[in-house]
Amino acid sequence: MHMRDQRHERGFTLTELAVVFAIVSLLLAAGLYTLSAQTDQRNFEETRQRIEAARSLLLAFAVANGRLPCPATSTSAGDEAPAGGGTCTGAYPSGTGGFLPARAIGFQITDAGGYAVDAWGNRIRYAVSAGALTGCAGTSSLPHFTSATNLRLNGLTCQPNDLVVCRTATGITSTTCGASPPQPPLTNQTTVVAVIFATGKTGNQGTGGADEAANLNGDGVFVWHTPNPAGPTNGEFDHQMTWITAGELYGRLVAAGLLP
Amino acid sequence: MIVLVFAYVVTSRLNAASRFVAVDRNQNAVMLARAKLALVGYVAQLAAQAGEANPGRLPCPEPFGYYNTANEGIAAANCTLPAVGRLPWRTLGLDKLTDTAGEPLWYVVSPGWALPNSTTPTVINSDSQGQLTIDGAANDSVALIIAPGERMTTAACGGAAAWAQVRPVAGPLDVRNYLECENAVSASFVTSRPGQTFNDQAVRVRAADLMPSIEAAVADRIQREIAPALRTVYTNSNYSGIPSSSPLYPYPAPFSNPGTSSYQGSAALCQSPPDPSYPCQGLLPVNQASSMVAYQSTPGNAVETQGYGYIVSQTCSWESTNDVRICEGVYHEYTAEPWRPIVLRMTATFTNMAMGLRALDGARFQAYARDDSGTPPWSPIATNAPSATMNSDGSVTVRVSATMPNIDAMSWDTQGEFRLRLERAIITDHPLVKSTDPTYGWFTRNQWQRVLYYAAAQKNTAYSLSSFGCGSTNCLRFNEGLGCGSGANYCNIRALMVLGGASLSNASRPNGNLSDYLEGDNENGGTFYEQQRMRRLTNVTHPKGPWNDRVILVDWTGTSLLLTTVNNHPQVVADTSTSPVRTYYLP
């Protein structure tokens, strides 16, 4: 019997296999990395669309009800608190409140608890102006923006004076962007009636920096800028934010014949 | 095979490119619409602010020099019009909205709609039109909001030279680097353009987009500012002859073309029967006193009113034009008690007082005295506040007086000389009709009287002074169906105004056609007025048709108008007679 040539029947050497595996894993890693980046990007876009949808629904709610809804709290099952508006249980986002009232405005994508969520499943936040007003020509009874009766009686001269969006948490106070912020505020003090934001991929896990913390500390001063990885001043930031101006709200209410 | 593959690749790229253009345009349209809504609302809110002297004005664009500075997004205080620049997003309260190319939005504002400098005011009312030329149409729009798109290299087009756009990071901005063709030249503007050298995407803001909000805000201000002032023009506290029970309202001016009307109130309108047939309603009489008020007859001589002392002799004459009556003479002390005061008075009656909005200007009566020996210079003397009586023919009788210097105290022996000088201008314009007045000037300066209808109860005009004040049967009526039949509510209006708003038929304004200004029962000349919900009908019908009248209740009998609800919607709210009533336009 002819002897088979041992050399030709040999398999791959360990080195060859290692090289192959290395290449395959490199390719795989690159592919997975791209996939994950794409997923993040898609979620980012999706979240942006959801908070814009929330914005539209809030304005539609205002036209139908003559007021903005109160935020939901962690115990209100996604409805505004208190139901029917008035003096809000918690007007600004904090650990226990300031969620988008999905049930009140008819926001469709919710978690099991009934709260509106972003593309990562984290609850969308919402703040509404509840503090003292400025510029009122007549009465200035509070709450203004969450009470249909007060809103009508006070009229459209009343401007919000408690919500403001800054570019950085550096120097902010509980009511303003600070006396001399390192960057100019994004909004003037008397223009914002409601803020809607998503807490991003990292969610509300306390891993964010000072800029993220400023959005959840229960006051009306917010921070928004383009996303940051951990590292730059004030740390990681991936919140997505939009807001409603007094002009937009009053414009809608006037167009709907609800004001003045 | 190769050709097929090549053709496939080319067509698929083309498809993708055009798809992205459509997606981009849709996304830009969303941003532009959001900016437009915020702008319209901002203008309304600004117009509603008490103290805003130019209601309806738009903010200027962000100055070019603010680019990439701490002031980015803030509007200039004033600007040369038409003004082109970036949308003042921070002033509007917006985020820095960008188009799909990542460029912030641009903004053009029309002449007449923003402040051109620190002194020239705007004139904006329901009849105002935008003055921007857009796509060749003159007077088309008030503002234009533009998404500038990707930078591009343009050939010469629309009056602009060929230009290779660059987007530098340092300011100041150059409009040619962002907008193309006509838009870069900034005289007339285009929203679309054939050819490859244009990629601006624009949304117009027309007067019709802004006017409902501006009118709502101005109606609110008329309610808060003008109506309370109208209640105090003629009252018992400044004119005897008017009962204390209610104010007197001036005669309306007959409605005619508001562009040419003299705005002179007419007593005939409030007679029984009225002439012409519409009773006691028309335009607000915002004429100037100088053009209507005159001495009804030659004023009598000066008299001493206290019984102490007497006038020895006097001569009264007209100074230059007959507008100033002067009485000069000699007055004598009260010999028995020379310390007693000597008060000299002049009385004059002026026509056409209640035919307008007038006031008394006490400084237009002057008194002087001097020793009667020799001719020392006249010394001015403080005068007493004038008193006035309203007469039923609409005239007013004014008494002016001065307490003369004591003869003894002045060591003038027993008598001195007096000189009293009464000017016609003692009847002056009420601040409501002064376009320079810091509080009320905005109203007439912007000519809102052109679209404001005014009605008074006949019983609350000078014609009815002998049996003054309307009651449940002869007041004006408002939204009668809401309870007038069962009680006195809303059958008790003494005076009201109706802001007619812009023409609903797009008729050329101003014109003399009342039905082009008012709607429903407001235009039929009766004493019943109504407020309906604002509506512009397009494809549905309503028995009352489209509606943009806004009723402003000025005054009513009783102490308050109660909140009344119809189908759980409040219709009229007032707390007390001193605070403004606001009307709501609910279904």
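Q: Which side chains meet in a salt bridge, and how far is N from O?

A: A salt bridge is a side-chain nitrogen of Lys or Arg within 4 Å of a carboxyl oxygen of Asp or Glu. In this predicted model, A:E248 and B:R34 form one through their side chains, at 3.4 Å from N to O. Between chain B and chain A the count is two salt bridges.

Q: What should I know about the numbering and the limits of the model?

A: Residues are numbered from 1 along each chain as its sequence is written, and chains are lettered from A in the order in which they are written. The model is predicted, so local features need pLDDT of at least 70 and side-chain atom pairs count only at pLDDT 80 or more, while totals for chains, interfaces and linings use all residues; side-chain values use heavy atoms, with hydrogens and water left out.

Q: How many residue pairs are in polar contact across the interface of chain B and chain A?

A: A polar contact is a pair of N or O atoms within 3.5 Å; within protein, one must be able to donate a hydrogen and the other to accept it, and residues adjacent in sequence count only if both atoms are side-chain atoms. Here the rule finds eight such residue pairs, both residues being at pLDDT 80 or more.

Q: Which elements of chain B supply the side that touches chain A?

A: Helices (H or I, at least four residues) and strands (E, at least two) are DSSP runs, numbered from the N terminus. At least two residues each come from α1 (2-48), α2 (89-92), α4 (207-230), β27 (569-573) and β28 (582-583) of chain B. The largest share, eight residues, is from α1(B).

Q: How is the size of an interface given?

A: It is often given as the accessible area lost when the parts come together. Buried area uses a 1.4 Å probe and is summed over both parts. Chain B and chain A bury about 2800 Å² between them, with 55% of it on carbon and sulfur atoms. Taking contact as heavy atoms within 4.5 Å, 32 residues of chain B and 36 residues of chain A take part.

Q: Is B:Y263, with its positive phi, buried or exposed?

A: Buried means under 20% relative accessible area, exposed over 50%, and partly exposed in between (1.4 Å probe, protein chains only). B:Y263 has phi near 55° and is not a glycine; because its relative accessibility is 8%, B:Y263 counts as buried. B:Y263 is in the loop between α4 and β9 of chain B.

Conventions: Buried area is the accessible area (1.4 Å probe) that two parts lose on being put together, summed over both.
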